[in-house]
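Hi,

Have a look at it first, then read on.

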Amino acid sequence: MSTESKSSAAGGDDMPAGDADGTPGGPPPDVLVVTGMSGAGRSTAANYLEDLDWYVVDNLPPGLIGTLADLGARTQGGVPKLAAVIDVRSRAFTTSDLLESVHELRKRGVRTKVLFLEATDAVLVRRYESVRRPHPLQEGEGIVDGIARERERLGAVRGEADLVIDTSDLNVHDLRRKIVQAFAGSGEAKLRITVLSFGYKYGLPVDSDMVADCRFLPNPHWVPELRPLSGLDQPVRDYLLERDDTKAFLDSYATLLDIVERGYVNEGKRFSTFAVGCTGGKHRSVAIAEALAKRLEGAGVEVHVHHRDLGRE
């Protein structure tokens, strides 16, 4: 396993404040070109970059990198990080076009880096044989011939790459750690939690990682003035959340999720669903899900709340 890096040659004037057609332009996004040998893990790296909030475009012709950066600037900061996966699958691919596009972006002041993924010939042959697919440059010959053509064609790009990662001896977790270490800004490698309320009578959510049962709490359904309300209404929340057993329940699960979050992040998991269930998914689970999400947000966790069965009754 070997990893090589080199500082990028950014420079030049800043991008203009607007495009030639008068469309207002914001700050240019960071641009990362992901390229390298076929079978070396480009698609896997792209998936990890998406988890780190990079906007990823796959199989982009080299000549369109500048256009992509311009479109990103038009979002007024809405797309701050762009990753373009570029390889020999594109019929428009030429090494000179790719390097010229990278140099032009850097002249314009766009922070641009090149990530090059590679592996040994033996490893690449084994990977292609395992998936029983031809190499894109095989041209009716052997896999080794296609690898040799691609390695020769990409030699100049590898020489100018900011980061070279040899994946020969890396598993997917090792590669993820390298991608996170290189391209995750401060605070980005966090778990995103969906807190899902549901009703047991409608079935367990199949996509949940953990499930909490709050049917031990008194059911507002049996309180006449609360029955027509839901867990989104303050009287129901007050009825449930002021109880000592509810507070202990929330404290325990908030602590549990803090431990799980750190473990999931270390193992490369970026998205998790925590389900909270009651009988009908209207009162208790809704109120608990909202309260738990509020606690997690207060701790800096990115949370999305979804009430699967609210309104079904």
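Before the notes, one term: when I say contact, I mean heavy atoms within 4.5 Å. Also bear in mind that this is a predicted model.

With that cut-off, take Gln138, which is found in the loop between H4 and H5. Setting aside neighbours within four places in sequence, Gln138 is in contact with Ile143, Gly146 and Arg149. Is Gln138 buried or exposed? Its relative accessible area is 15%, and since buried means under 20%, Gln138 counts as buried. Gln138 also pairs up with Glu150 in my list: 12 residues separate the two in sequence, and their C-alpha atoms are 9.2 Å apart in space.

The buried residues of H4 are Val123, Leu124, Val125 and Tyr128. Helix H5 (143-153) is included in what covers them. If you are wondering about the spacing, an α-helix has 3.6 residues a turn, so residues three or four places apart point the same way. Just after H4, Arg132 takes a positive phi of about 55 degrees.

H4 turns up again in the pocket, which I guess is the part you will open first. The largest pocket has a volume of about 610 Å³. Its lining is made up of 22 residues, and those nearest the centre are Ser38, Gly39, Ala40, Gly41 and Ser43. Which helices supply at least two residues each of that lining? They are helix H1 (42-51), helix H4 (121-131) and helix H7 (172-183). Sorted by class, the lining comes out as 10 nonpolar, seven polar and five charged residues.

Next, a few residues around strand S3 (residues 55-58), which has Asp58 in it. Asp58 has 43% relative accessibility, so it counts as partly exposed.

- Asp53 sits in the loop between H1 and S3, with phi near 75 degrees. Asp53 is partly exposed, at a relative accessible area of 41%.
- Asn59 sits in the loop between S3 and helix H2 (65-74), with phi near 55 degrees. Asn59 is partly exposed as well, at 32%.

Now the chain as a whole. There are 10 helices and 10 strands, and 46% of the 313 residues count as buried. Among contacts with a separation of 6 or more, 80% are between residues 24 or more positions apart. The accessible surface comes to about 15,600 Å², and carbon and sulfur atoms hold 50% of that.

Finally, how far does the predictor back all this? The average pLDDT of the chain is 84, and 88% of the residues score at least 70.

Cheers

Technical notes
Residues are numbered from 1 along each chain as its sequence is written. This is a predicted model: local features need pLDDT of at least 70, side-chain atom pairs count only at pLDDT 80 or more; totals for chains, interfaces and linings use all residues. Side-chain values use heavy atoms; hydrogens and water are left out. On a 1 Å grid over the protein atoms alone, a cavity is a set of points where a 1.4 Å probe fits but cannot get out, and a pocket is an open set with protein on both sides within 12 Å along at least five of seven lines; lining residues have an atom within 4 Å of a point. Grid points are joined across faces, edges and corners, and a volume is the space filled by probe spheres set on the points. Helices (H or I, at least four residues) and strands (E, at least two) are DSSP runs, numbered from the N terminus. Ala, Val, Leu, Ile, Met, Phe, Trp, Tyr, Cys and Pro count as nonpolar, Asp, Glu, Lys and Arg as charged, and the others, Gly among them, as polar. Buried means under 20% relative accessible area, exposed over 50%, partly exposed in between (1.4 Å probe, protein chains only). Accessible areas come from the Shrake-Rupley method with a 1.4 Å probe; for residues, only the protein chains shown count as cover. pLDDT is the predictor's confidence in each residue, from 0 to 100.
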